[in-house]
There are 2 protein chains.
Amino acid sequence: MKHQHRPARPSDYEAIAAVVDDWWGRPILAVLPRLFLDHFHHTSLVIDGPSGPLAFLIGILSPADPRQAYVHFVGVAPQARRQGVAELLYTEFFALARAGGRTAVSAVTAPVNTGSIAFHRAMGFSVTGPLAGYNGPGQDLVRFDRAL
Amino acid sequence: MKHQHRPARPSDYEAIAAVVDDWWGRPILAVLPRLFLDHFHHTSLVIDGPSGPLAFLIGILSPADPRQAYVHFVGVAPQARRQGVAELLYTEFFALARAGGRTAVSAVTAPVNTGSIAFHRAMGFSVTGPLAGYNGPGQDLVRFDRAL
């Protein structure tokens, strides 16, 4: 089955917000307020399933640093995993970021998320950390960086 | 005393992250990950105090909607309140947003934050809500809108 991606729309927010905690298996919704769809939908991607989103990527082309792109959040429905969906979304975002003049992309994850660390390594990212207090006191994170 | 503002820098993150929970009197750090300073510092403002930030505003000129500006977060140290500091930061951000071609500005707050609602009303924002599930299931918010 070939997965078709499309640019995200602000109106995707409700359907995405409704599923992320279930997809993660832990409370994660606070990381994804509506502003990310409102203001970055044109650099974000959705793959539709039969009854809602099957996967999505929330991406930013940094307004402050014209070299840098940033992947804020990627979600894949449990039933769509191990099919290359996240690879597809990252590859499309890389192309979109290059087209926007970006030469580097970064992302972060929690140290506990060993699956994400292995995925980013396989996608060619360097892995730094865990970095103590990256997102403030007590919020250690692993950082990923890759040239585009 | 005249407060001097300056553009934020990515390196302001540590000092800001260290104080926000104390300034709010409740856990709020999760709303302000490092990405907001990394990617929006040039549209954000800081007022320095004698030993760290006295106040700051994190603002976004929406990349997806070229009409829209967004105030994500404003913090004022307890000892600097009731001196017009937030008004100063908003007024400067409005000017910065207009210079960037923006014609509207929005923000949100929790319904419990009656001080913020009164402040935005006084600054000329319309007040909508509380809007059920604005930031996902159970996350009701009040929305503020103002022309620029």
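# Close-up views of a two-chain predicted model

**The lining of the second largest pocket comprises 6 nonpolar, 5 polar and 4 charged residues.** Here Ala, Val, Leu, Ile, Met, Phe, Trp, Tyr, Cys and Pro count as nonpolar, Asp, Glu, Lys and Arg as charged, and the others, Gly among them, as polar. The model is predicted: local features need pLDDT of at least 70 and side-chain atom pairs count only at pLDDT 80 or more, whereas totals for chains, interfaces and linings use all residues. Residues are numbered from 1 along each chain as its sequence is written, chains are lettered from A and ligands numbered from 1 in the order in which they are written, and side-chain values use heavy atoms, with hydrogens and water left out.

The pocket (an open set of points on a 1 Å grid over the protein atoms alone, where a 1.4 Å probe fits, with protein on both sides within 12 Å along at least five of seven lines) has 15 lining residues, a lining residue being one with an atom within 4 Å of a point. Nearest the centre of this pocket lie A:Asp38, A:His39, B:Gln68, B:Ser106 and B:Arg143. Its volume, the space filled by probe spheres set on the points, is about 150 Å³.

**Elements of chain A and chain B contribute to the lining of the second largest pocket.** Helix α2 (35-40) of chain A, and β4 and β5 of chain B, each provide at least two lining residues. Helices (H or I, at least four residues) and strands (E, at least two) are DSSP runs numbered from the N terminus. With 3 residues, α2(A) gives the largest share of the lining.

**Chain A and chain B are related by a two-fold axis.** The same surface serves both copies, as 100% of the contact residues of chain A recur in chain B (contact: heavy atoms within 4.5 Å).

**The open sheet of chain B has 7 strands with mixed pairing.** The strand order is β1-β2-β3-β4-β5-β7-β6; two strands pair if DSSP finds at least two bridges between them. Strands β1 (5-7) and β6 (126-131) of chain B each have a single partner and stand at the edges, so one side of each lacks a neighbour in the sheet. From one strand to the next, the twist averages 25°.

**Antiparallel pairing joins β1(B) to β2(B) over 3 bridges.** Strand β2 of chain B covers residues 45-49, and within β2(B) the residue B:Ile47 is the bridge partner of B:His5.

**Strand β7(B) pairs in the antiparallel sense with β5(B) and with β6(B).** The pairing with β5(B) runs over 6 bridges, and B:Asp145 of β7(B) is there the bridge partner of B:Ser106, a residue that is also among those nearest the centre of the second largest pocket. The pairing with β6(B) runs over 4 bridges, with B:Leu141 of β7(B) as the bridge partner of B:Leu131.

**In chain A, β4 (residues 68-76) and β5 (residues 104-109) pair in the parallel sense.** This pairing has 3 bridges, and the bridge partner of A:Ala69 in β5(A) is A:Val105. Helix α1 (residues 13-24) of chain A lies across β2 (45-49), β3 (52-61) and β4 of chain A, at about 100° to β3(A). Helix α3 (residues 85-99) of chain A packs on the sheet as well, touching β1, β2, β3, β4, β5 and β7 (141-147) of chain A, and its direction makes about 30° with that of β3(A).

**A cis peptide bond occurs in chain A and in chain B.** In chain A the bond joins A:Gly129 and A:Pro130, with omega about 15°, and A:Pro130 belongs to strand β6 of chain A. In chain B the cis bond runs from B:Gly129 to B:Pro130, with omega near 15°, and B:Pro130 lies in strand β6 of chain B.

**A:Arg82 has a positive phi of about 60° although it is not a glycine.** The loop between β4 and α3 of chain A contains A:Arg82. Most residues other than glycine have a negative phi.

Technical notes: Copies are superposed by least squares on the C-alpha atoms of residues with pLDDT of at least 70 in both. Axes are lines fitted to C-alpha atoms, for helices over the stretch in contact, and angles run from 0 to 180 degrees between N-to-C directions.
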